[in-house]
Amino acid sequence: MTRWPLPQYMALALAQAREAADSGEVPIGAVVVKDKKVIAAARNAPRARHDPTSHAEIEAIREAARILGDDRLTGCELWVTLEPCAMCAGAIAHARIARLYYAASDPKGGAVEHGARVFDHPQCLHRPEVYSGMGEAEAADLLRTFFRKRR
């Protein structure tokens, strides 16, 4: 089997996930890209910030919106290491993210291909193009290792 190099944006999201793990957070990282330029990179930080909404996706979206000076991230891509939850999927829709790339699926808490399937609802305001699986093995291994150490 040929193994293609990991896209640079997913590699950066994985680096953010490793930083999250090193700081005791669940290892999830996210990167917002526009016109092939990284606008924002973030990692999970709910414990450090005492904020249950401080998921990597939310942090990256907030930073990108601040940098771009707009609540609409039209034309942006979001690269994240784990399938977004319902809260993050809702934020992705509201931000009008054009494309979502995620590494590992999350059958327990994901809301894109599992669970709530937020983008499939007629009430969903915007549906990004969705691509999954790039970096899946690395992202899943980071999560398994993190939770194994915590048990």
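Colleague: How do the residues lining the largest pocket divide by type?

Modeller: Six are nonpolar, two polar and five charged. A pocket is an open set of points on a 1 Å grid where a 1.4 Å probe fits, with protein on both sides within 12 Å along at least five of seven lines; lining residues have an atom within 4 Å of a point. This is a predicted model, in which local features need pLDDT of at least 70 and side-chain atom pairs pLDDT 80 or more, while linings use all residues. Residues are numbered from 1 along each chain, and side-chain values use heavy atoms, without hydrogens or water.

Colleague: Which helix gives the largest share of that lining?

Modeller: Helix H5, a DSSP run (H or I, at least four residues), spans residues 136–150 and supplies five of the lining residues.

Colleague: And the second largest pocket: which residues are closest to its centre?

Modeller: Val26, Ile28, Asn44, His55 and Leu82, out of 14 lining residues. That lining comprises six nonpolar, three polar and five charged residues.

Colleague: Changing topic, how many residues does the largest nonpolar core have?

Modeller: The core has 42 residues, and Val32, Leu73, Leu78, Leu100 and Phe119 have the most contacts inside it. Such a core joins buried residues (under 20% relative accessible area, 1.4 Å probe) through side-chain atoms within 4.5 Å. Helices H1 (8–22) and H3 (56–68) are among the elements that each supply at least two of its residues.

Colleague: What does Leu100 touch beyond its sequence neighbours?

Modeller: Leaving aside neighbours within four places in sequence, Leu100 is in contact (heavy atoms within 4.5 Å) with residues including Leu78, Ile92, Phe119 and Tyr131.

How values were computed:
Nonpolar A, V, L, I, M, F, W, Y, C, P; charged D, E, K, R; others polar. Buried < 20%, exposed > 50% of the residue type's maximum accessible area, 1.4 Å probe, protein only.
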